[in-house]
Amino acid sequence: MRFSINTLGCRSNLCESDEISSELERSGFQKVDYRDGKLHFCIINTCTITSEADRKVRQLLRRIKKTNQNAKMVVTGCFVRQNRSFLEDNEVDLIIDNEKKDDIYSMASEIAKIMGDGPAAVRARQKPGSIYNNSFGPRIRYHSRPMVKIQDGCEQHCSYCIIPITRGKYRSVDSGSVINKVRGLEKAGFDEIVLTGINIGKYGLDLEERHGLPGLVEKLVDKTNIKRIRISSIEVNEVDDRLLSVLSDNRERFARHLHIPLQSGSDSILKSMRRPYSGQFFMEKISKAREVFPDIAITTDVMVGFPGETDEDFNKSLGFVEEAGFARLHVFKFSSRPGTAAGKMNNKIGSFIKNERSRLIRELGMELRNKYMEHNIGRNLDVVVEKIDGEDGLVSGISGNYIKVYFRNVIDYSKLRGKIIKLKAEKKFRDGLFAAAPG
Ligand code: SF4
C-alpha cells in the first residue's frame with residue numbers, strides 16, 4: 001500500500017513525520033511522492049503558526065485530493081484543533097489530534113482500520129507506546145543530520161503565539177530513551193544529531209530526573225560517542241551558566257551554533273509580546289556565549305509589525321540586529337492568531353508597513369550573513385555532508401557554525417553522507433561558501 005507524508009511547519013513536525021514514515025515503512029507500507037498520483041492514503045502533518053501557514057494547509061489538502069482522488073486523507077498537527085469543521089467539510093477520512101500523533105502505533109492502527117486492516121495493524125498490536133520509545137530513529141535516507149525530539153509543548157504564552165494552545169503542556173522524553181535513540185543513530189553512521197523540541201530549554205521540567213537540558217547534554221556526551229550535537233533553537237533565558245559551562249567543557253562535541261529567537265529590539269514591544277527578557281539581557285547573554293565559543297554562529301528570529309510597533313520600535317530592532325551581528329536572520333511578519341492575546345489587540349499594523357519593515361530588516365540580515373560568510377573564508381570548517389546535485393556533481397553540507405559549504409565530489413558520495421569532514425573554505429558561492437575537495 002502506497003502512502004505519502006507531507007509536512008508543513010517546524011522541525012518538530014519534520015521530526016515527527018520522519019518517525020511516522022519510518023514506522024509505516026517498517027510495517028510494510030511504501031512511501032511515495034503524492035505527485036505520482038498513485039496514493040492509497042496520505043498524511044498531512046500541519047502547522048498553524050500564521051494565517052499563511054493555514055492557507056498552505058488548505059491549498060495542499062486540495063492539491064493532493066485533486067491528484068489522488070481515491071486516496072484516504074489523514075490530517076494531524078497544529079492546524080487540527082481550531083479547524084476541525086473545515087477538515088470535516090472537506091471529507092478528511094481521519095483527523096488525529098496533535099497530542100495523539102506521538103502514539104505512532106495507535107495512529108498506524110487507526111490508518112489500518114480506514115484502509116481495511118493491513119500490516120500496520122499487526123505491528124500496532126505488538127508495540128504499544130510512543131514514538132519516543134523507538135530507539136532506532138528515522139531511516140537513513142531521510143536526513144543526513146537526523147533530528148532527535150526531546151521535548152514538546154510550551155507554557156510560556158507569548159502574546160502572539162498559538163503554540164501553547166495547539167501543543168499543550170511541557171512534555172519531555174526521558175534521558176534513557178534519548179540516549180538509546182542517539183546510540184542507534186550513531187550506529188547507523190550519523191556524525192551529527194540535532195536536538196529538537198518546541199521549547200527545549202524547558203526540558204525535564206515534567207520529569208523526575210530534574211537535571212534539565214544541561215544534564216541531558218552532559219549525559220549524551222558521556223554515554224554516546226556521537227561526534228556532534230546541535231541544539232536547534234533555545235530561548236535566551238535558558239542559555240544559563242550551567243549550559244554554557246557544559247558546552248565549554250565539551251566544545252569539540254557541540255556545533256558552534258545557537259539559534260536564539262529575539263523577536264524585537266524594543267523593550268516595550270518585548271513586554272507587550274510577553275517575552276521574559278530585555279534587549280540588554282539578550283545582548284549580555286550572546287556576549288557570554290561568544291566568550292565561550294568566539295566563532296559561534298548566533299542566528300535569530302525577528303518579528304515585524306507586532307500590534308503597536310512604531311517606527312521607533314522598528315528602528316530599535318534594526319539597530320539591535322546590526323549591533324548583535326547575527327549570522328542569520330529569520331524574519332516573520334506578525335500574523336493574528338485566534339485565541340491569543342495579541343489577536344485581540346486593536347492597534348494592528350497595516351500590511352504595507354509590515355511588508356516594508358520586513359524588506360528592510362531582511363536586507364540587513366543578508367548584509368550580516370554575507371559578512372559572516374566572508375569572515376569564514378580561508379578557515380577550516382567541519383562540514384556534515386548532506387546532498388549531491390545529480391547534474392553537476394556538486395556536494396553540499398552544513399558546517400558546525402551553520403554555513404552551507406559546497407565542494408566537488410571526488411570520493412564516493414554515499415560513503416560521505418552524514419559524515420563530518422574538514423574542508424577549507426575558499427570563496428563565496430551561491431548561498432554559502434565553496435571549498436577545496438577533501439583530500
Ligand atoms: S516560547 Fe513563546 S514563541 Fe516560543 S513556542 Fe512558547 S509561546 Fe510560542
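What radius of gyration would a compact globule with 439 residues have, and what does the protein have? A compact globule would be near 22 Å and the protein has 22 Å, so the two agree. The model is predicted. The points below cover its overall build, its surface and charges, and its aromatic rings.

**Overall build**

- The protein contains 14 helices and 18 strands.
- Along the principal axes, the C-alpha atoms fill a box of roughly 60 × 60 × 50 Å.
- Of the 439 residues in the protein, 56% are buried.
- Take the contacts between residues at least 6 apart in sequence: 74% of them join residues at least 24 apart.

**Surface and charges**

- The protein exposes about 19,100 Å², and 48% of this area is supplied by carbon and sulfur atoms.
- There are 73 positive and 59 negative charges in the protein.
- The mean position of the positive charges and that of the negative charges are 3 Å apart.

**Aromatic pairs**

- A search of the whole structure finds 11 aromatic pairs.
- One of them joins Phe3 and Phe41, whose ring centres are 5.5 Å apart.
- The ring planes of Phe3 and Phe41 are at 15°; planes under 30 degrees apart count as stacked, so this pair is stacked.
- Phe3 belongs to strand β1 (residues 2–7) and Phe41 to strand β3 (residues 41–46); the pair links distant parts of the chain, 38 residues apart.
- Phe3 and Phe41 are both buried.
- Another pair is formed by Phe306 and Phe334, with ring centres 5.5 Å apart.
- The planes of Phe306 and Phe334 are at 80°; planes over 60 degrees apart count as edge-to-face, so this pair is edge-to-face.
- The pair of Phe306 and Phe334 also links distant parts of the chain, 28 residues apart.
- Phe306 sits in the loop between β12 (297–304) and α12 (311–324), while Phe334 sits in the loop between β13 (328–333) and α13 (351–375).
- A residue is buried if its relative accessible area is under 20%; Phe306 has 0%, so Phe306 is buried.
- Phe334 has a relative accessible area of 5%, so Phe334 is buried too.

**Aromatic cluster**

- Which residues form one aromatic cluster? They are Tyr277, Phe282, Phe320 and Phe326.

Definitions and conventions:
Residues are numbered from 1 along each chain as its sequence is written. This is a predicted model: local features need pLDDT of at least 70, side-chain atom pairs count only at pLDDT 80 or more; totals for chains, interfaces and linings use all residues. Side-chain values use heavy atoms; hydrogens and water are left out. Helices (H or I, at least four residues) and strands (E, at least two) are DSSP runs, numbered from the N terminus. The radius of gyration is taken over C-alpha atoms; the globule rule is 2.2 Å times the number of residues to the power 0.38. Buried means under 20% relative accessible area, exposed over 50%, partly exposed in between (1.4 Å probe, protein chains only). Contact means heavy atoms within 4.5 Å. Accessible areas come from the Shrake-Rupley method with a 1.4 Å probe; for residues, only the protein chains shown count as cover. Lys and Arg count as positive and Asp and Glu as negative; His and the chain ends are not counted. The place of a charge is taken as NZ of Lys, CZ of Arg, CG of Asp or CD of Glu. Rings of Phe, Tyr and Trp (its six-membered ring) pair if their centres lie within 6.5 Å; planes under 30 degrees apart count as stacked, over 60 as edge-to-face and the rest as tilted.
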